[in-house]
Amino acid sequence: MNYNTEDIQQIAQEVAKLVQESLRQKRTASQGPETMAEFELAFREALRQIGAEGLGIFLSELQTTPESEIACACGGRLHYQRMRPAVMTTVFGKVEYCRAYYAGCSCGQGLAPLDKRYGLEAGAISSGLAQLMALAGIAFSFEESEKWLKEFLLFEVSENSIRSETQKMGRLQQKGEEAAIQASQNEKALQERLREEKQIPKRLYGSIDAAKVRIEPRPRKGEPVPEHEDWRDMKVGCWYQAQAVPRPRQSMRQRRKAQREGTVFRTTQHKYYCDIVHVDPFGKLVWATGCQVTADLAAELVFVCDGATWIWELVAQYYPKAVQIVDWYHAEDRLKRLADAVFSAQPERQRWLSQITESLWQGQVEEVILACKRLARKHDEAQQAMTYFSNHSHRMRYDWFRAQGYLIGSGTIESGCKQIVTQRLKRSGAQWIVEGAVLTAKARSAWLSGNWPSLCQHPARLPFAI
């Protein structure tokens, strides 16, 4: 918003006088060197109090002359009672305002039309403050969020309120995903997408992985407490696109990578989704989120994942025409681990590893399988590796994948697991119940996917009492 410069200057002068007087009184009580930090804090506190007072006046003045009676939602009539004060917590702290209050209908319900019009609720927090609390809750532990927000806002909000608001965001994301799942099962809804002016990507990538989350055991009454912690898989998926990084913009690491791979990519337009569920219900989420980004309509759909069987079974079930690529770095690491297990002499180990890694890089998977077979007679690790490369041979044609300009690394989904699970859910000492972990993770995935503004504007988003 743009404001009149002269008005701003006049108000600023008054604020400066107010702060000067406050600092003068403080100096009388406690002598010491003046600092810029002290000045900034004084101005912040003054502006916070002015904002709280001003917002209260502003809300009160939104109230027009009350009518004697208005219609009730039940079909009856509500009668004007009085101008009733209310208090809510905002980004400025506690704000008090007055509005007309109506009651007297046979249904027994009362109403403040001003509150209904602007989504206000006495004794609750504002939507603006709720958004800040949820943002803190997806970035830090709830305990840390309480401390951080106090420094930022200059007043306290409770840890439980931060948890509730963060998980409310996650619940909105969850409801959106449930609606998407229903729509993805509706043939008419899927066909209607073709009439929308929505750009369908020529090449779209998908990746799926999982990360462990520690779940607090909560036995039912009378049941023994489990002796061991319960770790559950948070399944994480991501849809994204990729673009080549021009050489002038490449980092040193990317330039070294380009010497071997030729083209270096960066991924864009990430859309994350996650849940702690079994494979079948997660598959529905994979399909539904894919329909949202038109994965089923993309000219080329490429999945880059690790070698987990459940992942490739989902891909085959929902996107049978997709190009399937096992992450190069997982495959390369499998060879390193095999070499370490089989060869005790470093020169022999390095010679074998260099030769077989080059064969894999060139897409000569049959040579890799044969090399493992030669070692399998004496080493169980080689037998397991042979099975691994045999099962995924069609997903390891790395020479052909590179020729087509495909990404062959799943770093995007590994980064997603770190950002959603490791950085937030696996903090030191963190323990979760399943619902809390899921909702917090879904809220964080919404932020990382750029879906946060739509959650904030969701019609179901209401303030809650604290």
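The following questions and answers concern a predicted model.

User: Which helix gives the most residues to the nonpolar patch on the surface?

Analyst: The patch is formed by Leu-18, Phe-43, Leu-47 and Ile-50, which together have about 340 Å² of accessible area. One of these residues, Phe-43, is found in helix H2. With 3 residues, the element that gives the most to the patch is helix H2 (residues 36-61).

User: Is Phe-43 buried, partly exposed or exposed?

Analyst: The relative accessible area of Phe-43 is 32%. Buried means under 20% and exposed means over 50%, so a value in between is called partly exposed. Phe-43 is therefore partly exposed.

User: What is the phi of Leu-154, and where is Leu-154 found?

Analyst: Leu-154 is a residue other than glycine with a positive phi, near 75°. Its relative accessible area is 22%, so Leu-154 is partly exposed. As to its place, Leu-154 is found in the loop between helix H5 (142-153) and helix H6 (159-184).

User: Is Thr-294 buried or exposed?

Analyst: Thr-294 is found in the loop between helix H9 (279-292) and strand E7 (300-305). Its phi is near 55°, a positive value in a residue other than glycine. Because the relative accessibility of Thr-294 is 4%, Thr-294 counts as buried.

User: How many Å apart are the end C-alpha atoms of helix H13?

Analyst: Helix H13 (residues 365-376) has 12 residues. The expected span is 1.5 Å times one less than the number of residues.

User: Which helices do the buried residues of H13 pack against?

Analyst: The buried residues of H13 are Val-365, Val-368, Ile-369, Ala-371, Cys-372, Leu-375 and Ala-376. They cover an arc of only 160° around the axis, so they lie on the same side of H13. Their packing partners are helix H11 (328-342), helix H12 (346-361) and helix H14 (380-391).

User: What separates the C-alpha atoms of Leu-149 and Met-133?

Analyst: Leu-149 lies in helix H5, and its relative accessible area of 0% means that Leu-149 is buried. Leaving aside neighbours within four places in sequence, its contacts include Leu-132, Met-133, Ala-136 and Leu-154. Leu-149 and Met-133 are 16 residues apart along the chain, and their C-alpha atoms are separated by 7.6 Å.

Conventions
Residues are numbered from 1 along each chain as its sequence is written. This is a predicted model: local features need pLDDT of at least 70, side-chain atom pairs count only at pLDDT 80 or more; totals for chains, interfaces and linings use all residues. Side-chain values use heavy atoms; hydrogens and water are left out. Patches are made of residues with over 30% relative accessible area and no salt bridge: like charges are joined within 9 Å, nonpolar side chains (Val, Leu, Ile, Met, Phe, Trp, Tyr) within 5 Å. Accessible areas come from the Shrake-Rupley method with a 1.4 Å probe; for residues, only the protein chains shown count as cover. A salt bridge is a side-chain nitrogen of Lys or Arg within 4 Å of a carboxyl oxygen of Asp or Glu. Helices (H or I, at least four residues) and strands (E, at least two) are DSSP runs, numbered from the N terminus. Buried means under 20% relative accessible area, exposed over 50%, partly exposed in between (1.4 Å probe, protein chains only). The arc is that of the directions from the helix axis to the C-beta atoms. Contact means heavy atoms within 4.5 Å.
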